[in-house]
Amino acid sequence: MLRAAVIVGVTVSLVCAGGAAAQRRATARRDGSGFWYGFGLGAGWARVTCAICAGHRAGGLSAFAALGGSTSRNVRIGAELAAWRHRGGNVTQTLGAIGVAAYWFPTPRRRLYLKGGAALVTHRTEDGTDVITSSGIGPLMGIGYESRFGRKWTLAPFFHYGVGVIGGGVKSNGAQAADRATVSFVQLGVSLTRP
């Protein structure tokens, strides 16, 4: 009799705990809070400007990945990695950015978003002999428009812009070449996000 009461008590506890967890997941889905992740691909353009830099904006392939949490249906916060690459002749240029950003959805329908944040942006140019690196910290900005893609994903065309302007410089083969530099990049593409 005691054994049966213990089994019934444990079973009821497990069912209640499972129901409470399902309720928490359903509430998180309704109010927009919870874990999210996404990635995007597209065209990208990068440029380095400084006292000794040419300052041309080169085009290439660009990508980003992001993950984080939603604080409400209108705000999504996360960490981001962005990358860009361009090859012309024997010169290869690469750019990387790591930062944090908030996505704000101004309407309850959660389609249009505005992005703002900050990132460390680094640029590298190499030709097999010389290596020139540039870096800076600065703002991330962007805009996108999400639409449902299947049951669990959203698809969004996006425009993102980042610029490193503070605390950086230019180095040529490891030696300081310029004290200040502006490293900027533009991304135009399509992203997939699982909110």
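User: Does C50 count as buried or exposed?
Analyst: This is a predicted model, where local features need pLDDT of at least 70, side-chain atom pairs count only at pLDDT 80 or more, and totals for chains, interfaces and linings use all residues. Residues are numbered from 1 along each chain as its sequence is written, and side-chain values use heavy atoms, with hydrogens and water left out. The cut-offs are under 20% relative accessible area for buried, over 50% for exposed and partly exposed in between (1.4 Å probe, protein chains only). At 17% relative accessibility, C50 counts as buried.

User: Which residue forms a disulfide with C50?
Analyst: The structure holds one disulfide, meaning a pair of cysteine sulfur atoms within 2.5 Å. In this one the sulfur atoms sit 2.0 Å apart, and the partner of C50 is C53.

User: And how is C53 placed: buried, exposed or partly exposed?
Analyst: C53 is linked to C50 with 85° about the S-S bond, a right-handed link. Its relative accessible area is 24%, so C53 is partly exposed.

User: What pattern does the protein chain follow along the sequence?
Analyst: There are one helix and 11 strands, taken as DSSP runs numbered from the N terminus (helices H or I, at least four residues; strands E, at least two). Read along the sequence, the pattern is α-β-β-β-β-β-β-β-β-β-β-β.

User: What share of the contacts with a separation of 6 or more is between residues 24 or more positions apart?
Analyst: Contact here means heavy atoms within 4.5 Å. Of the contacts in the protein chain with a separation of 6 or more, residues 24 or more positions apart account for 60%.

User: How many residues are in the largest nonpolar core?
Analyst: A nonpolar core is a set of buried Ala, Val, Leu, Ile, Met, Phe, Trp, Tyr and Cys residues joined through side-chain atoms within 4.5 Å. Those with the most contacts inside the largest one are F64, L95, Y103, Y113, V121 and F185. Two or more residues each come from β1 (34-50), β2 (58-70), β3 (75-88), β4 (91-104), β5 (112-126), β8 (153-164) and β11 (181-194).

User: Which side chain makes a polar contact with the side chain of Q93?
Analyst: Q93 lies in strand β4 and is buried, with a relative accessible area of 16%. A polar contact is a pair of N or O atoms within 3.5 Å; within protein, one must be able to donate a hydrogen and the other to accept it, and residues adjacent in sequence count only if both atoms are side-chain atoms. At 3.0 Å, the partner side chain is that of H123.

User: How much space lies in the second largest pocket?
Analyst: On a 1 Å grid over the protein atoms alone, a pocket is an open set of points with protein on both sides within 12 Å along at least five of seven lines, a cavity is a set where a 1.4 Å probe fits but cannot get out, and lining residues have an atom within 4 Å of a point. This pocket has 21 lining residues, with A54, Q93, H123, T125 and I132 nearest its centre. Points are joined across faces, edges and corners, and a volume is the space filled by probe spheres set on them. For this pocket that comes to about 400 Å³.

User: Which element gives the largest share of the lining of the largest cavity?
Analyst: The largest cavity holds about 80 Å³ of space, and its lining includes F64, Y103 and Y113. Elements giving two or more residues to that lining are β1, β2 and β11. The largest share, three residues, comes from β1.
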